[in-house]
Structure formats: structure tokens, C-alpha cells
Amino acid sequence: MIRRTQTSELDVNELRETIREVLGREAGSDRTRHAMSHPVGHDTKLWEVISELGWTGIAIPEEYGGAGTSLVELGVVVQELGRCLAPCAFVPSVVFFGGALLVAGTSDQRAKLLPRIASGDLLASVALVGTAGRCEPGGLGIEIEDRGAELSLRGTASYVPDADVAELILVAGRTREGDLALVVVETGLDSVEITPQPLFDPTRRFSRLDLHDVVVPREAMLDPTDSGARLHESLIDLGAIATACDSVGGAGQVFESTLKYMKERHQFGRPVASFQALKHRCADMMMRVEGSAVSAARALEAFAGEYADARVAISEAKFFTAESYTHVAQEGVQMHGGVGFTWEYDCHLYLKRAMLNQALLGDSRWHRDRAANALLGEPAQA
Amino acid sequence: MLAELEAHSEFRGEVRAWCKEHVPTNWMHRMSGASVEESLAFQREWLAVLREGDLAAPHWSAEWTGRDYSLLEQVVIAEEMARAGAPRLGVYFISLFHTYGTLVHSGTEEQRRRHLPAILDDGEIWCQGFSEPSAGSDLASLRTRAERQGDVYVVNGQKVWSTYAMHARYCLLLARTDPDAPKHRGISYFLLDLETRGVEIRPILDLTHRQEFCELFLTNVEIPAECLVGEENQGWRIANSTLSTERSLILLMPVEQLRVAFEMLVDLAHNVPGPGGKPAIQDVGVRRDLVDLHAEIANLRLLVNRMLSQLLHSGGDGPESSIIKLYYSEVLQKFTKYCTELGGLKAQELAPWLGAAPYVSGVWELDFLNSYTWTISAGTNEIQRNIISEHALGMPREPR
């Protein structure tokens, strides 16, 4: 299980400062825009820096070559990457794939793959979503056939993040018996087809994954003794948390840059930031930004500590942070005025990311219903 | 923070056991429709019980209470009191928080010795004399005048919105001592004995048809010079800077109470019909609304704890207390309004006031109406937004 260690708020703040300082040098608008226009969205130069500094292994136990800290530190990395819209496959590789192995990898899978994740050598992803974009098990489009020592996978998954650079993809599918299972698939196989699915958010790359009778050894399945449905839920939890952290980081950045612009921009002979009508909206934005930060922190603690109401905390964090991010990014565009509508200014990149985050891995309604079921019990059938 | 809270399970057990033994059962029934006098007597009794258990003022230092509590212990006490459904000491609100904060930070030793024990031991009630008819949001433009004449200050003027002044013995008073100085620099802070000649108190009927807040008319009222707090003309600074921690500690109980209140809302949703006649809790829209409110309450609680520990570490008069006040009051208003709406016509039936009740009492419409005491008093939420944008976000003031 992912470990929970006691980390003081002070250490976390120090870590945040360090990461922000590094990304201030190594990432940022220019690099993101460079990656946007590049055929490959993943910035290998940035990835080298991230790997060398050990961020890829921050939450991986020391026995697998990681730093062995908690999910809280990992959350800080994801937030900071979200702040600068860093173009790299960190979340799919480290949070999803690494997290899945920690939750349910066999000892062999962990020993073989976790050190490679920790060192940054392995780029990987997960396919949890069917073609309709729904993330509940019923929406999956991959069929898994049990052939004894081997498994055969057929069908389509959509919206697979950074599949174009991933060496391995963890695929969620259903067996003939209707059970849910998660299987590691190598993307180098001829029977694996990856087709880009460009989204309005130009800073991220998603692909469709078609599996044409992909045959893998049985050992490629995640811990078969555990329930696949439970694993799938855990992965959605991890993804929701990562999305929440990304939203917190992005909202913080777009808020700060909007404030900065409003203090510099003069109209009617004074800074735009001095108008009370706008100041009050900024105070409200701050409430959303602060609320998002504690909401994501609650979700991180809940996942790591396995609280009884962990699912409530995680789903609430997903919709609250993504909706807050959207609100703040919308205000960002509006308060920048005309330049907020240009391609040159970054406001639109954050707005697009925020809208994507709302839709990713269960939209806000879906997560409200998920939280409601965990909090209030399932509704009676009509 | 959550982990640290868990570590206090032994202490929590003690507080819970105390509550089980001492929180009066069925007090809500007794206080339903209670007169002001009955409610007052009941709060006085409850304060004495709390005092006996060293729980009357967990945020006060051991010098006055015999026991120091860490912030985490204070949180635990607030949680347990809220869960146990303890009565609220509304009438001691100013005494326990504002008077204490002001005297500890800016009072003299003599002032502290005279007044602090009397609050806990004798239940002495304080009120606040800040606002005036022409000085609400623009408090610093207050006109009540205090003139030094020998050993006394002679005070003339009018105050308004002084909650429970008619029951109070003392008043925290702001008055102008230097009319020629810039408006923030000519105000002084006084401790006024309301039994002094020249003080007239008139209650005002509020929109819930109760008399809680009052007007004060001050005519040649003599305040002894030793009742000045801090230095002359430093009143504005004292009123603003020494109270932010106390203002936030005030919210520990109400915020915890919101979590209890959420359970009341769930009960309500089980018991009122939703669309199609099924219980509202089965309705997808209602369920989503409940999750929204739940998320806000959870965020608020974490925010309060985080900002309180920041305040306690750095002291300071940062914008934290404004953020917490704004967040709490808006969640409270949204929550009580939602409950009232969900309650339908049933919730429109006139119901008696509950004396000493928490801010969410279950008399939904009254709770909703009363939520305006949080969004308007102690600096309207619009003023809080000004403070946040100027002090936390560094946005320039509007030209005045």
C-alpha cells in the first residue's frame, strides 16, 4: 500500500519552494508552447531534470529505488507541474501506473517495474475509459479472454493520456465472465494500435487505443486475487486526486497572474485592481483557491490514511477543485479583457485545462453522485 | 492536522465523558419559547458548570482558568461540545472573546485582574460599543466624543447594534479623543461601566421580532482615566490588530456545529417528500446539493484549522480571520437557506425561538434569518472582501 508518513507542513512547504524554483527555470510558458507545436507532447529535457531530482520516485518505497515519502509529497509535485502546465507524462506514469502497482501489483511486477518508474526510465499510462468517455466498469470497451497461460485482449479504450510515448499501458477490461481485470500491455506490439485524439487543451496528449487480439502472458495481470472492480475504483481515486492537485496548481497560477496583470493595467487613470467591483470578485476567487487547496489536501490524506469516508473526500475534491479552477480561469480570461482572448496570453491554456479536468475521469455530476452514494447510501431503486 | 487530531483520542475521551455527564439533557425543550430572562439564567448556569469543569474558556491562558489547552485540544473541545449538542453562550460572546483578547493584548495588569475573573466567576456580561448611526462600515468615522477632564474622560454620543447591552454590565467602547487627527488616529478604546450616570440603553426589535441589540445614548458620561485601554488615540489599532486570533477562535464551535447540522439536514431529507412523493433523499438533485454542502463544510473546517495554526504561529493581524469569517458566514447562510427551502411549507410555520441554541437549531427559517448576523456584523462581508483584496492580495484601495 502507498505509505503514509508523518510530514510536517514545514517540510512540505520547503519541498514546494524547491520544486517551484526548479520549474521556474526548466518549465514555463515557452517550454509548454514549444511542446504544443511539437509532434510529441512529452518534453524529454524536462523529464530528465524531473527524473534526476528524484520526483518520479518520491512516493515509491526505498526498496524499489524511490524516496519513500508519502502521497502528500507526490501531490505537491503534481500541483507544481499543474501550475506551469508542464508538458510531460508524469501523472500517467508515476501517479497512475506507479500507483496501480503499489496498490495491486504482484511482487514480480513491482520488483521489475517500480525501480524503472522511480528512475524515470519507464513512461507508462493507463486505459480506464471506454469510447463514450465513461469511467464506470460498464463503459469499458476491452474484452479479456482467458486462454490459460495467456490472455488475449480485444477492443477499444479512449482518452489514454500520453499513450504516444508510453512503453506500457495498464488496460482495464472485462473477462467473458464479466469480471473486471487490469492487464499490462506493451505498446510495441504490432497488435496494439494508438491513434491520437487531439483535444481542445493543446498542452496534453490523449490517444485512442485499439487492441487487435493482443496476447500477453497471464503474469501481466495485476494481482488476480484482488477484486478488479475494487482496483478500478482505486485507480479512479488516484486519478481524481491527481486531477484535483493539477487543478489546485493551475488555479493558483492563473489567479496570481491575473492579479499581477490587474495591478499593472491602468484605465481611468488608475490600476484596474483598484476597482471594488473587481476586488470583490478577486476575494471570491481567493476563497475558491484556498478552499481547493484544503479540499485536495483532504483527499490526499484520506487516500493515504484509508479513512472511512475516503471516497467522499476524493470525489468531493475532484469536482470542487475542477469547478473552482474553471471559475478562476474564466475570471482570468474576463479580467484580462481583450488580451485574455488572444492565443499569446496563457489564460486560455488554463481555461482549457480546467474544462478538461472537469470532464476527465468522471465529470462533476458523476463524482457528486459517487460521493452521495458513499455519504448517504445508495438510493432505493425506482 | 487530521492525523494530529486523531492522536488526541485520550483527551477526546475525557471531554466526551465530561459532556455526557454535564451537558443538560432536553435543554432544547426547556428553552423552546423561553423568555430572554430564562435564556439568560440558563446560560449563566451553563457557564458555571463549564467553569467547574475547566471548560468555560478553553482559549484563555492558565493564569485565568487554571488550565492551558493547545490549539488541537481546543479543536477537540469544540468538536465534542458541538457533537454533544451543548448550549451556546451567546450572551457571553463578547466577554469571552473580545474582552479577553483586548485586555490580554492591550490592557493593564490591573484591568485584567479586575475584569477577567469576574467574567468566569460571576458571569459578568460585556457588550460592544463600536458602531454608530453614521459609522457602520466606515467605522473609523465614528463621532462619539471623549474629552479628558482631570481624572476622567467625559463622553457624549450615540452607539448602535450593541448586542445584549441591556443585560451587560460593561461595554468595550470606541470614542474620538482627537477630532483634529486623521480619522483612524484620533480614536481611543475604553472600558465603560454601563451603570455610570448618563448611560441610556434602548433595545431595538430585530427582524426575528426579538430584542437583542440596542442603542446606547451617552450624555456627559464620566469614564475614569484608568479605564482607557492602551494609549490615547491608539484605539483603532487595538480594535483591529489584537483581536484576529480571538475572532477566529470564536468560529471553532460554530464550524463544528455545522457538521452536526449536516446530519440534521440528512434527517430532514429523509423526512420530507421529494419529487414524485418519494423521500427527498432519493432525489438525485437533492443528493447532489447535499454533497455540495458537505464539501463546503469539510473545506471550511480544514481552512479554519489551518488558518488558526498559522495565526497562532505568526500571531499577526493578517487577513486570515476575514477569510474564515467570510467563508463561514456564506456557508451558514447557504446551508440554512437550503434547509428552509427543502423543508417546504412546513418550514414556513411560525415556530418559537430556542434560547441558547446553536446557529443551526433546526428552526430553519429562524436560522436562515439569523445568519445575517454573521454576514453583516463585525464588518459586513463586503468590508471583509475589501480587507482580503487589499491585505491578502495587495490590490490598491479605491481613491476616497
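Student: At what angle do helix H4 and helix H7 of chain A pack?
Tutor: Keep in mind that we're looking at a predicted model. In it, H4 of chain A covers residues 71–83 and H7 of chain A covers residues 228–264. Their axes are 7 Å apart, and the packing angle is about 45°.

Student: Which word describes how H4(A) lies to H7(A)?
Tutor: Roughly parallel needs an angle under 35 degrees, and roughly perpendicular takes 65 to 115. The angle here is about 45°. So H4(A) is, relative to H7(A), oblique.

Student: Is the crossing of H4(A) and H7(A) left-handed or right-handed?
Tutor: Handedness is about which way the near helix is turned from the far one, anticlockwise or clockwise. For H4(A) passing H7(A), the crossing is right-handed.

Student: How many charged residues are in the contact of H4(A) with H7(A)?
Tutor: On the H4(A) side you'll find, among others, A:Glu80 and A:Arg83, and the H7(A) side includes A:Asp246. The contact also has 5 nonpolar and 8 polar residues. The charged ones number 3.

Student: Over in chain B, which helix gives the most to the side of domain 1 that touches domain 3?
Tutor: The C-alpha centres of these two domains lie 21 Å apart, and 21 residues of domain 1 of chain B are in contact with 17 residues of domain 3 of chain B. On the domain 1 side, the elements giving two or more residues are H3 (27–31), H4 (36–52) and H6 (71–83) of chain B. With 8 residues, the top contributor is H6(B).

Student: What about the two chains: which helix gives the largest share of the side of chain B that touches chain A?
Tutor: The contact takes 32 residues from chain B and 31 from chain A. On the chain B side, helices H1 (2–6), H12 (284–314), H13 (320–342) and H16 (381–392) each give two or more residues. The largest share, 12 residues, belongs to H12(B).

Student: Back in chain A, is A:Asp162 buried or exposed?
Tutor: A:Asp162 is in the loop between strand E3 (150–161) and strand E4 (168–175) of chain A. Beyond its close sequence neighbours, A:Asp162 is in contact with residues including A:His42, A:Leu123 and A:Arg205. A residue needs 20 or more other C-beta atoms within 10 Å to count as buried. A:Asp162 has 26, so A:Asp162 is buried.

Conventions. Residues are numbered from 1 along each chain as its sequence is written. Chains are lettered from A and ligands numbered from 1 in the order in which they are written. This is a predicted model: local features need pLDDT of at least 70, side-chain atom pairs count only at pLDDT 80 or more; totals for chains, interfaces and linings use all residues. Axes are lines fitted to C-alpha atoms, for helices over the stretch in contact, and angles run from 0 to 180 degrees between N-to-C directions. Helices (H or I, at least four residues) and strands (E, at least two) are DSSP runs, numbered from the N terminus. Angles under 35 degrees count as roughly parallel, over 145 as roughly antiparallel, 65 to 115 as roughly perpendicular and the rest as oblique. Two residues are in contact if their C-beta atoms, placed from the backbone, lie within 7 Å. Ala, Val, Leu, Ile, Met, Phe, Trp, Tyr, Cys and Pro count as nonpolar, Asp, Glu, Lys and Arg as charged, and the others, Gly among them, as polar. Domain bounds come from an automatic or database domain assignment. A residue is buried if 20 or more other C-beta atoms lie within 10 Å of its own, exposed if 12 or fewer, and partly exposed in between; C-beta atoms are placed from the backbone. Lists of a residue's contacts leave out its neighbours within four places in sequence.
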